[in-house]
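Here is a short report on a single protein chain. Begin with one contact set, then step back to the whole fold.

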Amino acid sequence: MSNKSPPPRPAPRLYLATPVVDDPASLLAELPALLGAADVAAVLVRLQETDQRTMISRIKALAPIVQNAGAALLVDGHAELVARGGADGAHLPGIAALKEAMPSLKPDRIAGVGGLTTRHHSMDAGEMGADYLLFGEPDANGERPSAQAIAERLDWWAELFEPPCVGFATSFEEAHDFAASGADFVLVGDLVWADSRGPKAALIEADAAIKKAFAAVAVGQG
């Protein structure tokens, strides 16, 4: 029987959600500098709903920039477009969507899932083979759990289960707190794009916040 302690947890990383992409030109211009400024593990592309051919062409335009920066490109929903657009995976809005998408995504592509309102749904998603679970995103009405409730869910999941967990942060304080609670990734979206200083400065601050939280936890455990 081994007495070895578990390996140290890797530092949390950023997961950047784009604005809704209609014309991708401005995003194509901004992304290289953004991805070079902070430790971004993945980019979640939110596509404006239109015909499939147009959406696929937008994924194809964005994918090389993201992937050449060492990040994964995931599509928000639309698992059927992932392979055709050259994306790395999809983010699915709940258990039913995850179940439907798994055959088309596995074993080669990432299947992430959100919309998990209960612990039971979270465990179901893990058992189904989700590559990550997102906690804290707004529902269809724009409502979301309190920051404390999200942090508690992240802490519970990180303590007991293997698949990575992601915290949806709407402020730098939440980014810090979710990283401290055990999030493997912190998803930032409007927090970055709406910042008056510009997205690059905001992304750097978010990155610093999660690294600071992780360092404090590591010191506390040492």
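This is a predicted model. Start at Val 188. Leaving aside residues up to four places away in sequence, Val 188 touches Leu 14, Tyr 15, Leu 16, Ala 17, Ala 169, Leu 203 and Ala 206.

Val 188 belongs to the largest nonpolar core, a set of 60 residues. Together with Leu 16 and Leu 203, Val 188 touches the most other members. Helix 2, residues 52-68, gives this core its largest share, 6 residues. In soluble globular proteins, nonpolar side chains tend to be buried together.

Now the whole chain. The protein chain carries 9 helices and 8 strands. Its radius of gyration is 17 Å, close to the 17 Å that the globule rule gives for 222 residues, so the chain is as compact as a globular protein of that length. Of contacts between residues at least 6 apart in sequence, 58% join residues at least 24 apart.

The table collects values for the whole chain.

| Property | Value |
|---|---|
| Span of the C-alpha trace along its principal axes | about 55 × 40 × 35 Å |
| Residues that count as buried | 46% of 222 residues |

Last, charge. The protein chain has 18 positive side chains and 29 negative ones. The centres of the two sets lie 5 Å apart.

How values were computed:
Residues are numbered from 1 along each chain as its sequence is written. This is a predicted model: local features need pLDDT of at least 70, side-chain atom pairs count only at pLDDT 80 or more; totals for chains, interfaces and linings use all residues. Side-chain values use heavy atoms; hydrogens and water are left out. Helices (H or I, at least four residues) and strands (E, at least two) are DSSP runs, numbered from the N terminus. The radius of gyration is taken over C-alpha atoms; the globule rule is 2.2 Å times the number of residues to the power 0.38. Buried means under 20% relative accessible area, exposed over 50%, partly exposed in between (1.4 Å probe, protein chains only). Contact means heavy atoms within 4.5 Å. Lys and Arg count as positive and Asp and Glu as negative; His and the chain ends are not counted. The place of a charge is taken as NZ of Lys, CZ of Arg, CG of Asp or CD of Glu. A nonpolar core is a set of buried Ala, Val, Leu, Ile, Met, Phe, Trp, Tyr and Cys residues joined through side-chain atoms within 4.5 Å.
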